[in-house]
Amino acid sequence: MLDFKSISDKELLELIITSGQSERLLLLTVLRGLIEVESRSLFSLTHSSLFSWAIETLKLSEGEAQRRIDGARLLRRFPSLAAKIESGKINLTHLSRMSSFIRAQKKAGEPCTDELILKVI
């Protein structure tokens with residue numbers, strides 16, 4: 001484990017910036033992996049849903065699992081979001097909130113168009 005107190009200010013800042021970039025790339029890997037697990041129905045080998053699979057297999061909380069599944073489904077629908085995630089222009093919270101909005105609009109009988117979703121995101 002790295003002792004943060006023993007590194008210089010410059011090293012600390014470089015480490016955190018690099019880690020933030022790596023975290024966004026890891027998020028994309030997880031989201032893309034979830035897309036593929038769902039498209040192949042690999043979760044169904046051991047679980048009844050992708051949600052329960054993510055909780056038990058990936059050891060995510062319910063909230064973490066739902067946010068990642070929401071993000072994965074939006075990324076599948078709009079592959080161009082990958083560049084925005086990688087650059088940090090949007091994050092998992094943005095994706096999750098947009099997914100919640102889309103579900104609410106659909107439930108209210110007012111589904112969102114792809115054009116509107118891309119404008120908002």
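Pro79 has a relative accessible area of 57%, so this residue counts as exposed; with a 1.4 Å probe and protein chains only, exposed means over 50%, buried under 20%, and partly exposed in between. Pro79 sits in the loop between helices H3 and H4. Helices (H or I, at least four residues) and strands (E, at least two) are DSSP runs numbered from the N terminus.

A word on what you are looking at: this is a predicted model, where local features need pLDDT of at least 70 and side-chain atom pairs count only at pLDDT 80 or more, while totals for chains, interfaces and linings use all residues. Residues are numbered from 1 along each chain as its sequence is written, and side-chain values use heavy atoms, with hydrogens and water left out.

## Loops and a helix residue

Ser41, in the loop between H1 and H2 (50–57), has a positive phi of about 55° although it is not a glycine. Ser41 is partly exposed, at 34% relative accessible area. Lys59 lies in the loop between H2 and H3, and its phi is near 60°, again a positive value in a residue other than glycine. With a relative accessible area of 67%, Lys59 is exposed.

Back in the helices, Ser87 belongs to H4 (residues 81–87) and is partly exposed, with 43% relative accessibility.

## How the helices pack

Two packed helices are described by the angle between their axes and the distance between the axes. Here axes are lines fitted to C-alpha atoms, for helices over the stretch in contact, and angles run from 0 to 180 degrees between N-to-C directions.

How do H1 and H3 pack, by angle and by the distance between their axes? Helix H1 (residues 9–39) meets helix H3 (residues 62–77) at an angle of about 80°, and their axes are 8 Å apart. H1 and H3 are therefore roughly perpendicular to each other; the label covers 65 to 115 degrees, while angles under 35 count as roughly parallel, over 145 as roughly antiparallel and the rest as oblique. On the H1 side, the contact (heavy atoms within 4.5 Å) is made by Leu28, Val30, Leu31, Arg32, Leu34, Ile35 and Glu38. H3 contributes Arg68, Ile69, Gly71, Ala72, Arg73, Leu75 and Arg76. By class, this contact of H1 with H3 has eight nonpolar residues, one polar and five charged. Ala, Val, Leu, Ile, Met, Phe, Trp, Tyr, Cys and Pro count as nonpolar, Asp, Glu, Lys and Arg as charged, and the others, Gly among them, as polar.

H3 also packs against H5, at an angle of about 80° with the axes 8 Å apart. H3 and H5 are therefore roughly perpendicular too. From H3, the residues in this contact are Arg67, Arg68, Asp70, Gly71, Leu74 and Arg77, and H5 brings Leu92, Leu95, Ser96, Met98, Ser99, Ile102 and Arg103. The contact of H3 with H5 divides into five nonpolar, three polar and five charged residues.

Take a closer look at Asp70, a residue of H3. Is Asp70 buried or exposed? Its relative accessible area is 2%, so Asp70 is buried. Not counting residues up to four places away in sequence, Asp70 touches Ser96, Ser99 and Arg103.

Leu15, in H1, is partly exposed at 29% relative accessible area. Leaving aside neighbours within four places in sequence, Leu15 is in contact with Leu2, Phe4 and Ile7.

## Distances along and through the chain

| C-alpha pair | Apart along the chain | C-alpha separation |
|---|---|---|
| Ser87 and Arg68 | 19 residues | 18 Å |
| Pro79 and Ile69 | ten residues | 15 Å |
| Leu15 and Ala54 | 39 residues | 29 Å |

## Two pockets

Rolling a probe the size of a water molecule over the atoms shows where empty space is left. A pocket, on a 1 Å grid over the protein atoms alone with a 1.4 Å probe, is an open set of points with protein on both sides within 12 Å along at least five of seven lines; lining residues have an atom within 4 Å of a point. Grid points are joined across faces, edges and corners, and a volume is the space filled by probe spheres set on the points.

The largest pocket has a volume of about 210 Å³. Its lining consists of Gly20, Glu23, Arg24, Leu27, Val30, Arg68, Ile85, Gly88, Ile90, Asn91 and Leu92. H1 provides the largest share of that lining, five residues. Five of the lining residues of the largest pocket are nonpolar, three polar and three charged.

The second largest pocket holds about 150 Å³ of space.
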